[in-house]
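This report describes how the parts of one protein chain are arranged and how they meet. Please look over the sequence and the model before reading on.

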Amino acid sequence: MTLETTLAAIGPADEPAMAAARDLQSRLTKPAGSLGALEELSVRLAGLAGVCPPPLPEPAAIAVFAGDHGVHAQGVTPWPQEVTAQMVANFLGGGAVINAFARQVGASLMVVDVGVAIPLHGGDTLLDANIRRGTRDLSVEPAMTTDEARAAVEVGISVAGALIDGGAKCLLTGDMGIANTTPAAALIAAFTGSDAAAVTGRGTGIDDKTHARKTAVVAAALQLHAPDPADPLVTLAALGGLEHAALAGFLLGAAERRVPVIVDGVIAASAAVAAAAFAPDAVTAMVAGHRSAEPGATVALEHLGLTPLLDLGMRLGEGTGAALALPLVAGAVRVLREVATFDSAGVSEK
């Protein structure tokens, strides 16, 4: 599936289905509006599916896209680059937080190597789609060529399609890549018009000196590349990581198939603003799982008009916030599918 055919297939929310969902919510055996944000979420999911009630988001599938980053050489993180490959091995062995959360919510998990520097070996849950062994240093040159960025986006599209063809009714974004909050900050600044300082956070918990260096690197990259948000592929290539580009494709692939995709933290949020630049209607498929502690995540979600379901001060990535939000998404749909109306239950209205 090419990027162009995917973009051509992405359409807006179905207004009649949303109207039907709002009407049904008003007739269910509960005070109107008493489920707060879950009611509007159910309406959005009906608009995505084009039917009320929408299908349950089960089974769900998590895809963790992994890549390394040339900007690591600028000292933006104290973690060594080889931790990316080591953590992928941990995912494959079932020992990471996302593995525990995936088991908790009954979601499948696959890892996609789009740009890890060290060659990986794994079983059925590892997809080798490596485009190059880590990006170039975005602070001195474009991180990727446009061909590499396009290839990564199309990996994400194909992974989304394969998971949906395999039966997934909901997709969840995951990521792994040491130093990947630096390109995420640069992408969010580029696509939202924000200042580097407003979107650059502490990632894995860096000190003040490293944070100042990281912010300066993001600001310098923005000045060097002068990105045009109206040209999302070139912007992704200049500033992004291979996993960011693949996640943007994953989000576009979900939107094309009209399947909900739960957006995790700041890496996924940076991919989401890129996806929305490619196709504004792609936001119809996106559910913000949680509010990452990274400041760029809030900037990105506000730009997209998405309200996060959870706010737990988390900043792990991997897809952990998306996984924790999955039961809330399922609950929002289950209300429309299973709760009686006042008429059918014989309950008096006020």
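Across the domain boundary, 18 residues of domain 1 are in contact with 25 residues of domain 2, contact meaning heavy atoms within 4.5 Å. The model is predicted: local features need pLDDT of at least 70, side-chain atom pairs count only at pLDDT 80 or more, and totals for chains, interfaces and linings use all residues. Residues are numbered from 1 along each chain as its sequence is written, and side-chain values use heavy atoms, with hydrogens and water left out.

**Domains and their interface**

Domain 1 consists of residues 3–55 + 334–345, and domain 2 of residues 60–330; these bounds come from an automatic or database domain assignment. Taken over C-alpha atoms, the centres of the two domains are 28 Å apart.

About 1,900 Å² is buried between domain 1 and domain 2, and carbon and sulfur atoms give 63% of that area. Buried area here is the accessible area (1.4 Å probe) that two parts lose on being put together, summed over both. In domain 1, the residues that lose the most area to domain 2 are Leu3, Ile10 and Leu48, together 36% of what that side buries.

The interface also holds 10 residue pairs in polar contact, both residues at pLDDT 80 or more. A polar contact is a pair of N or O atoms within 3.5 Å; within protein, one must be able to donate a hydrogen and the other to accept it, and residues adjacent in sequence count only if both atoms are side-chain atoms. On the side of domain 1 that touches domain 2, α1 (3–9) and α3 (37–49) each supply at least two residues. Helices (H or I, at least four residues) and strands (E, at least two) are DSSP runs, numbered from the N terminus.

**Salt bridges**

The whole structure has 13 salt bridges, each a side-chain nitrogen of Lys or Arg within 4 Å of a carboxyl oxygen of Asp or Glu. Arg150 is in helix α6 (residues 146–165) and Glu4 in helix α1, so their pair ties together parts that are 146 residues apart in sequence. The closest N and O atoms of Arg150 and Glu4 are 3.0 Å apart. Between domain 1 and domain 2 the rule finds 1 salt bridge.

**Aromatic pair**

There is 1 aromatic pair in the structure. Phe65 and Phe250 form this edge-to-face pair, with 5.3 Å centre to centre and 65° between the planes. Phe65 belongs to strand β1 (residues 60–67) and Phe250 to helix α11 (residues 242–257), 185 residues apart. Rings of Phe, Tyr and Trp (its six-membered ring) pair if their centres lie within 6.5 Å; planes under 30 degrees apart count as stacked, over 60 as edge-to-face and the rest as tilted.

**Backbone details**

Most residues other than glycine have a negative phi, and most peptide bonds are trans.

| Cis peptide bond | Omega |
|---|---|
| Cys52 to Pro53 | near 0° |
| Glu58 to Pro59 | about 0° |

Pro53 is in the loop between α3 and β1, and Pro59 is found in the loop between α3 and β1 as well. Ala179, a residue other than glycine, has a positive phi near 80° and lies in the loop between β4 (170–176) and α7 (181–192).
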